[in-house]
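Please keep the sequence and the coordinates in view while reading.

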Amino acid sequence: MSSSTTAPRRVGLVLLGAPPPGAPHAEGGYLAMFDALLAPHGIALEPIDARAGELPDDVGAYDGYVLTGSASSVYDDEPWIAPAEDLLRRIVAAGIPVAGICFGHQLLAQALGGRVEKATAGWGMGVHAYDLDLPDGPATMRLQAMHQDQVVALPEGARVWARSEHCPIAGFTVGDRVWTVQAHPEFTAAFAAGLVERRRPVVGDAVADAATATLADPTDHERVAAWIAEVLAVKVQ
């Protein structure tokens with residue numbers, strides 16, 4: 001993947017969740033986080049609140065889509081999940097570029113026929129290292145992780161491009177217009193630290209302490225942002 005791109009005119013940020021109320025370093029929510037990540041690549045995002053049912057009738061109204069994370073699970077019985085899956089299938093069928101992050105990665109997998117389950121390896125938190133399978137580019141990357149669910153079966157035609165011992169399907173592609181990653185290039189270390197502390201009672205001190213010890217490690221979020229921008233720049237046929 002190269003970082004030379006021409007950004008599309010309109011990119012919809014499909015909001016599939018929101019930071020916890022009162023979470024530190026979360027001003028502006030996921031829109032502000034993804035703006036900070038992608039604005040250097042000339043990408044201006046327009047929010048689409050999937051949980052409120054604000055889904056476009058015409059998927060062609062946008063030149064590309066980015067899917068956010070969520071505290072929900074894709075297999076939860078939430079009334080907004082099935083319509084969001086239908087939106088994703090329409091986006092893919094139309095050949096419009098889409099990038100899914102964490103829950104967005106999982107929801108794309110499920111919508112296209114894959115399967116998502118709670119990870120037998122437990123929570124993934126803190127900065128994780130991933131092995132990459134790319135035609136050209138680096139062999140590894142490091143990103144902030146925050147998840148207990150994982151994609152365990154790929155959709156038909158999907159190819160894994162990122163994996164780790166903890167998360168064997170940490171990113172996949174379908175052709176050149178569907179790109180996903182389980183980890184969070186949009187998270188700052190400060191925001192991730194707040195999430196770890198909020199979830200400490202759930203995950204336990206050992207997991208939380210191990211994650212906290214990695215949070216200040218350098219990550220490859222800028223490189224990943226360039227890859228997302230490249231995907232979004234693919235022209236719709």
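Contact means here that heavy atoms lie within 4.5 Å. Helices (H or I, at least four residues) and strands (E, at least two) are DSSP runs, numbered from the N terminus. The model is a predicted one, in which local features need pLDDT of at least 70 and side-chain atom pairs count only at pLDDT 80 or more, while totals for chains, interfaces and linings use all residues. Residues are numbered from 1 along each chain as its sequence is written, and side-chain values use heavy atoms, with hydrogens and water left out.

Two packed helices are described by the angle between their axes and the distance between the axes. The axes are lines fitted to C-alpha atoms, for helices over the stretch in contact, and angles run from 0 to 180 degrees between N-to-C directions. Helix α4 (residues 189-203) packs with helix α5 (residues 205-212) at an angle of about 150 degrees, the axes being 7 Å apart. The two helices α4 and α5 are therefore roughly antiparallel to each other; angles over 145 degrees count as roughly antiparallel, those under 35 as roughly parallel, 65 to 115 as roughly perpendicular and the rest as oblique. From α4, residues V196, E197, R200 and V203 meet D205, V207, A208, D209, A211 and T212 of α5. By class, this contact of α4 with α5 comprises five nonpolar, one polar and four charged residues, where Ala, Val, Leu, Ile, Met, Phe, Trp, Tyr, Cys and Pro count as nonpolar, Asp, Glu, Lys and Arg as charged, and the others, Gly among them, as polar.

Helix α4 also contains G194. With a relative accessibility of 13%, G194 counts as buried, a term for residues under 20% relative accessible area, with exposed meaning over 50% and partly exposed in between (1.4 Å probe, protein chains only). The C-alpha atom of G194 is separated by 6.1 Å from that of P24, although the two residues are 170 residues apart along the chain.

On the α2 side, I81, A84, E85, L88, R89 and V92 meet F103, L107, L108, Q110 and A111 of α3. The residues of this contact of α2 with α3 divide into eight nonpolar, one polar and two charged.

Attention now turns to the sheet. Strands of a sheet pair through backbone hydrogen bonds, either parallel or antiparallel. Two strands count as paired if DSSP finds at least two bridges between them. Nine strands form an open sheet with mixed pairing, in the order β2-β1-β3-β4-β11-β10-β9-β6-β7. Its edge strands are β2 (45-49) and β7 (140-147), each of which pairs on one side only. From one strand to the next, the twist averages 25 degrees. Strands β3 (residues 64-67) and β4 (residues 98-101) run parallel and are joined by three bridges, with L67 opposite G100 in β4. The pairing of β6 with β9 is antiparallel, over two bridges, and R163 in β9 is the bridge partner of D131. Strand β9 also pairs in the antiparallel sense with β10 (residues 171-174), over three bridges; here V160 stands opposite F172 in β10.

Helices cover parts of this sheet. Helix α6 (residues 221-232) lies across β1, β3, β4, β6, β7, β9 and β11, running at about 90 degrees to β7. In helix α1 (residues 29-38), the buried residues are G29, Y30, M33, F34, L37 and L38, and these pack against β1, β2, β3, β4, α4 and α6.

At 1% relative accessibility, M141 counts as buried.

Finally, S70 has its place in the loop between β3 and α2. This residue, S70, is buried, with a relative accessible area of 17%. Its polar contacts (pairs of N or O atoms within 3.5 Å; within protein, one must be able to donate a hydrogen and the other to accept it, and residues adjacent in sequence count only if both atoms are side-chain atoms) involve two partners. The side chain of S70 reaches the backbone oxygen of L16 at 2.8 Å, and a polar atom of that S70 side chain lies 3.0 Å from the backbone nitrogen of S72. Not counting residues up to four places away in sequence, S70 touches L16, G17, W80 and F103.
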